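User: I would like to go through the wording used for this model and see what each term rests on.

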Amino acid sequence: MASTTGPVPPLTVTVTSIVTASAAAANSTNKVTPQGGVIEGANPSVYNPKDPLVIFIIQAGLIIIVCHLLHWPLSKIRQPRVIAEVIGGIVLGPSVMGHVPGFREAIFPAASIPNLTLVANLGLVLYLFLIGLETDVRFLVSHWRVAVTVAVGGLAIPFGLGCAVAWGLYNQFSEDEGIVHIRFSVFMLFIGVAIAITAFPVLCRILTALRLLDTPVGIITLAAGVANDVVGWILLALCVALVNAGSGLTALWILLTCVGYMLFLLFAVKPCLIWLLRRTGSLENGPSQSIISLILLMALASAFFTDIIGVHAIFGGFMFGLILPRENGFPIKVTEKLEDIIGALFLPLYFTLSGLNTNLGLLNSGITWAYVFAVTFVSFFTKFFGASVAARFSGLVWRESFSIGALMSCKGLVELIVLNIGLQAKILSTRTFTIFVVMALITTFVTTPLASALYPVWYQKKLEAWKRGEIDWDSGEPIGNSDNTSPEGSTLAKGPHHKMHRLLVYLRFDNMPATLRLILLFGKPWITDSVNKDQGSASEKEVEEVQKAVRVYGIRLDQLQDRDSSVMTVAQVNEVSSYDPLINTFRTAGQLNNVAVSGEVAIVPENRFAEALVSRSENMSADLLLIPWSKSGGVGDSPLSIPNADQNRISSSYAAFVRSIIQSTEHNVAVFLPKHGDITNVAKLQGKDRMKLSRTYSFSKTYNEFPTPSPAHKQHHIFFPYFGGNDDNLALMLVLQLCERPDVTCSIMHVLDSKSTHTDESLSAAIPSKIANRVEITSSHVNNETDAVLHLISGELEKHEGNQTIYNLVVLGRRAAARMDEGKGTGVLADEVRQCLGVLAGHYASSDLQADLLVVQANDTTS
């Protein structure tokens with residue numbers, strides 16, 4: 001009988017092995033990757049290719065923090081943000097922190113750099129799209145002659161000498177690691193572009209910070225910068241095509257494809273896009289989220305196309321930005337939607353990567369530093385010389401020409417973009433890349449201080465006056481008698497007929513109705529109103545007197561921010577002024593009331609609002625600068641600003657703003673504080689009966705509160721306590737001018753010391769006969785306390801209390817009653833209010849009196 005035992009089949013062995021291995025694995029101590037993060041002991045700084053987000057957040061956070069810390073001190077000397085971003089990358093890179101053991105491996109491991117580069121390059125494509133939006137070719141066309149002259153002069157000489165420098169760089173550093181061998185002609189073309197190009201976006205910001213955009217220097221520089229950049233990008237595209245192409249014929253096909261694609265965008269894509277934008281109302285009302293998504297998709301598709309044909313993806317984004325319509329400020333509205341995420345996250349990453357790729361340790365020989373000096377010298381001085389000579393041939397004086405040359409020498413972020421393209425294409429080694437980064441930092445850093453020194457404000461004013469033929473250049477003395485000089489001396493000695501003809505008014509949303517009510521008092525009555533109906537026609541003298549209107553110039557100040565859209569708005573400020581609602585309202589009200597009005601929008605940093613107003617007043621030789629008080633208490637203005645309580649808005653940051661204007665004692669200044677029907681005072685009278693917050697919808701409850709219709713013609717009554725002095729003499733002249741309107745009456749009270757025996761005969765003699773019947777002059781002896789004067793004002797206002805047909809206006813000289821005691825009944829006046837409005841006006845502003853207040857200060861040249 002045969003045995004039943006035998007060899008084990010192979011299949012049984014295999015199954016047994018698998019089961020045994022599975023059991024061993026189940027019983028082993030090996031576990032899956034911990035999912036609890038740091039709670040299970042995971043180290044977040046260890047790079048995990050399957051979860052790169054953690055290390056990316058660490059890198060991005062560190063980069064943003066370092067860049068902001070560096071930008072804060074650099075911004076004090078008006079340096080662009082790109083300087084801080086590149087320096088931050090140098091600090092975090094091998095030049096500084098790279099010497100700390102383990103820092104680069106822990107924070108910037110080599111395996112994580114591709115992820116960082118991917119996000120940065122995506123941001124770069126979007127930023128080049130914004131640069132295309134910012135590049136307005138219409139500006140170049142309108143100034144094409146001088147722009148082409150300066151652009152050619154600023155391109156040809158730097159490009160030629162850059163090609164000469166390229167010969168030395170090509171032979172000296174051709175053996176460096178990380179580069180591919182290319183023909184010298186391609187290398188020469190790239191170096192020539194890197195030396196000749198101008199940073200147009202940074203140039204816009206520098207011109208805006210220096211307030212040069214509306215000067216001949218700024219206009220010419222901006223137009224030439226557009227031309228320079230367009231030519232530079234074309235040459236760079238040619239260089240990249242030559243590097244990526246296998247032969248010259250292939251490069252030619254690439255360039256022809258680019259030209260065809262640009263024509264396709266212009267004549268096929270642009271009309272369709274404009275039709276869609278008009279159909280959806282995006283051109284008029286701004287882009288919706290869907291339109292922004294479509295624009296981004298098309299920008300990325302354009303970048304995709306240029307990348308796959310052998311040109312860098314950034315050119316596609318730039319080309320698509322160029323073709324977007326420019327109507328109704330549409331590029332500004334698109335930029336506002338995208339700029340924050342690009343400027344706050346993407347750009348710092350990109351330019352910090354430039355610093356990370358910069359290794360100052362490679363500049364370790366004398367010949368290397370010689371090339372640093374040579375590249376910097378050629379980049380700056382050839383650009384400076386070429387642009388300056390071209391500007392001089394265009395008709396500018398030498399100092400203006402030198403300023404243009406200094407500004408055109410700015411490299412900035414465009415240079416760094418070019419260098420990074422060269423590094424990625426392996427045209428540049430890390431050593432030559434570092435040489436050019438140092439050059440870009442130096443040329444960008446010196447642009448602002450050099451331009452400020454060559455073209456200061458005092459020189460701009462002198463040059464403008466000389467070009468108008470008002471002054472002799474050598475002596476600076478006026479040539480003859482000029483009608484543009486402002487009235488300096490508003491005193492009784494010059495007579496009451498010395499009127500104000502040019503007013504500069506600071507326009508604000510929060511008190512526009514009250515400001516218009518005051519401004520319209522300067523309007524002359526129409527001839528049909530002033531001429532007797534029985535009289536067939538007015539005399540020539542009457543017609544001339546009626547038609548000679550006061551010129552009122554309104555200026556609205558908008559805050560300049562460090563955003564691209566804000567800079568674009570500055571460049572298009574004339575177009576912005578034409579459709580600004582506040583300016584248009586001001587113009588319409590003036591035309592309806594026979595006041596010659598005009599206006600503009602000025603975009604300046606908030607800390608320079610006062611300087612802008614004083615400078616504009618000086619430029620237009622204004623007889624009076626009118627500053628309305630903010631209802632919200634802040635310097636910023638908005639159509640939706642919420643009024644603040646009286647005491648809060650008076651003792652606020654706005655007081656410091658007004659005080660900085662008052663301290664400029666070379667101008668006649670009036671501060672207007674509207675209090676008539678003030679909503680904050682009405683709220684006080686209502687007590688606890690306040691409007692409750694509606695949580696259902698955002699409509700106001702005032703829709704069912706219809707006020708009593710106002711009378712068609714309201715009377716204006718002015719009360720003016722006269723103390724004497726320059727401020728009161730100017731205020732008297734202003735009051736008498738306002739009383740020329742038949743609907744204005746005035747009470748002038750000569751306030752005298754209780755021991756004084758002076759009479760008011762001099763005031764009576766100063767009143768013109770034609771308005772004497774509407775002006776009442778009295779005198780009052782009071783003790784030396786401000787509360788006594790406030791009591792007189794209160795008594796005068798009580799005469800018209802409850803009369804809805806009369807607007808009351810109290811006029812005070814700022815330094816009137818300066819020697820009076822504050823008294824016990826007025827309370828303690830804050831120092832900031834006293835320094836801003838004066839003692840008497842400060843107490844009145846802090847009181848519950850409801851009449852509007854006008855505080856007048858004469859310039860110190862009066863005597």
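Analyst: Buried means under 20% relative accessible area, exposed means over 50%, and partly exposed lies in between, with a 1.4 Å probe and protein chains only. This is a predicted model, in which local features need pLDDT of at least 70 and side-chain atom pairs count only at pLDDT 80 or more, while totals for chains, interfaces and linings use all residues. Residues are numbered from 1 along each chain as its sequence is written, and side-chain values use heavy atoms, with hydrogens and water left out.

User: Why is Cys163 called buried?

Analyst: Its relative accessible area is 12%, which is under the 20% limit, so Cys163 counts as buried. Cys836, with 1%, is buried by the same cut-off.

User: How many disulfides does the structure hold?

Analyst: There are zero disulfides, a disulfide being a pair of cysteine sulfur atoms within 2.5 Å.

User: What makes helix 13 oblique to helix 14?

Analyst: Helix 13 (residues 289–308) and helix 14 (residues 313–323) pack at an angle of about 135 degrees, with their axes 6 Å apart. Angles under 35 degrees count as roughly parallel, over 145 as roughly antiparallel, 65 to 115 as roughly perpendicular and the rest as oblique, and therefore helix 13 is oblique to helix 14.

How values were computed
Axes are lines fitted to C-alpha atoms, for helices over the stretch in contact, and angles run from 0 to 180 degrees between N-to-C directions. Helices (H or I, at least four residues) and strands (E, at least two) are DSSP runs, numbered from the N terminus.
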